[in-house]
Amino acid sequence: MIRIYSIISLILIGMIFIYVADEMPAFGSPDNPINNRVYDRYTERSFEETGVPNIVTAILADYRGYDTLGETTVIFTAGMSLMLLFSRWKNG
Amino acid sequence: MANGEITSIVIRTVSRIIIPFIQIFGLYTIIHGEASPGGGFQGGVILGTSIILLTIVFGLEEAKRRIPRGLILVFMSLGLLIYSGIGLLDMLFGGKYLEYTRLPLPLSGHEISALSILCVEIGIGITVMSVIILLFFYSVRDEDAHGINA
């Protein structure tokens with residue numbers, strides 16, 4: 001019985017996928033959402049918007065500032081949990 | 001000689017000379033992260049490796065005497081505090097969180113933004129450096145270091 005249900009739900013999900021796949025952007029088209037030209041903004045206006053000549057740093061610390069804050073928090077949390085796990089400071 | 005210390009005078013002298021240069025290069029990598037390849041993460045790791053070299057050559061006891069545990073804890077928290085504190089300062093002066101141009105400094109918006117990004121990189125560097133040192137201190141023991149002299 002479970003087998004029949006799973007086959008039916010698989011067919012339903014497959015039909016949804018096939019229906020949606022028709023709406024997908026054409027492969028390799030320059031109008032794809034992945035080519036949404038955000039890099040033009042970065043290369044042309046990053047200096048006047050952030051004041052930093054290095055585009056990588058401008059993206060890392062300004063446009064993606066929350067992301068970098070999260071990365072630093074991850075490293076901080078790793079160090080803190082290391083201290084909790086191996087709390088003995090003297091050699092042992 | 002304490003346990004786990006390298007006795008070769010060549011290695012001791014060379015690392016005594018080279019450790020400050022490693023640290024200067026790490027600082028350069030952090031400070032010049034705005035204008036050239038580099039940044040807080042990379043510079044922090046370079047600063048951490050200088051302490052790792054010190055630990056390998058001069059022993060764990062000496063390194064722990066120079067860098068106490070509380071200092072690592074304070075630095076680890078300080079870096080993150082600088083980063084998030086700049087974000088909170090921006091909020092305090094009427095901007096969004098991490099919107100750098102709102103600080104009330106007598107500079108143009110460009111320069112305030114660049115200065116904030118520099119402070120953010122320094123904060124990242126401090127945190128990464130402390131965590132690297134902490135990782136090495138906890139993963140090495142003096143008994144493991146005996147093999148180097150043998």
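In this predicted model, helix H4 (residues 69-92) of chain B packs against helix H5 (residues 109-139) of chain B at an angle of about 155°, and their axes lie 8 Å apart. Angles over 145 degrees count as roughly antiparallel, and H4(B) and H5(B) are therefore roughly antiparallel to each other. Their crossing is left-handed. On the H4(B) side, the residues making the contact include Ile72(B), Phe75(B), Met76(B), Gly79(B), Tyr83(B) and Ile86(B). H5(B) contributes, among others, Ser116(B), Cys119(B), Val120(B), Gly123(B), Ile126(B), Thr127(B), Ser130(B) and Leu134(B). By class, the contact of H4(B) with H5(B) holds 16 nonpolar and five polar residues, with no charged ones.

Chain B as a whole has six helices and zero strands, in the order α-α-α-α-α-α along the sequence. The radius of gyration of chain B is 19 Å, well over the 15 Å that the globule rule gives for 150 residues, so chain B is more spread out than a compact globule. Further values for chain B are tabulated here.

| Property of chain B | Value |
|---|---|
| Box filled by C-alpha atoms, along the principal axes | roughly 60 × 30 × 20 Å |
| Buried residues, of the 150 residues | 34% |
| Contacts between residues 24 or more positions apart, of those with a separation of 6 or more | 66% |

Chain B also meets chain A: 23 residues of chain A are in contact with 31 residues of chain B. On the chain A side, helix H3 (55-63) and helix H4 (65-85) each supply at least two residues. H4(A) gives the most, with 11 residues. The residues on this side of chain A comprise 13 nonpolar, nine polar and one charged.

Terms used. Residues are numbered from 1 along each chain as its sequence is written. Chains are lettered from A and ligands numbered from 1 in the order in which they are written. This is a predicted model: local features need pLDDT of at least 70, side-chain atom pairs count only at pLDDT 80 or more; totals for chains, interfaces and linings use all residues. Axes are lines fitted to C-alpha atoms, for helices over the stretch in contact, and angles run from 0 to 180 degrees between N-to-C directions. Helices (H or I, at least four residues) and strands (E, at least two) are DSSP runs, numbered from the N terminus. Angles under 35 degrees count as roughly parallel, over 145 as roughly antiparallel, 65 to 115 as roughly perpendicular and the rest as oblique. A crossing is left-handed if the near helix is turned anticlockwise from the far one by less than a right angle, and right-handed if clockwise. Two residues are in contact if their C-beta atoms, placed from the backbone, lie within 7 Å. Ala, Val, Leu, Ile, Met, Phe, Trp, Tyr, Cys and Pro count as nonpolar, Asp, Glu, Lys and Arg as charged, and the others, Gly among them, as polar. The radius of gyration is taken over C-alpha atoms; the globule rule is 2.2 Å times the number of residues to the power 0.38. A residue is buried if 20 or more other C-beta atoms lie within 10 Å of its own, exposed if 12 or fewer, and partly exposed in between; C-beta atoms are placed from the backbone.
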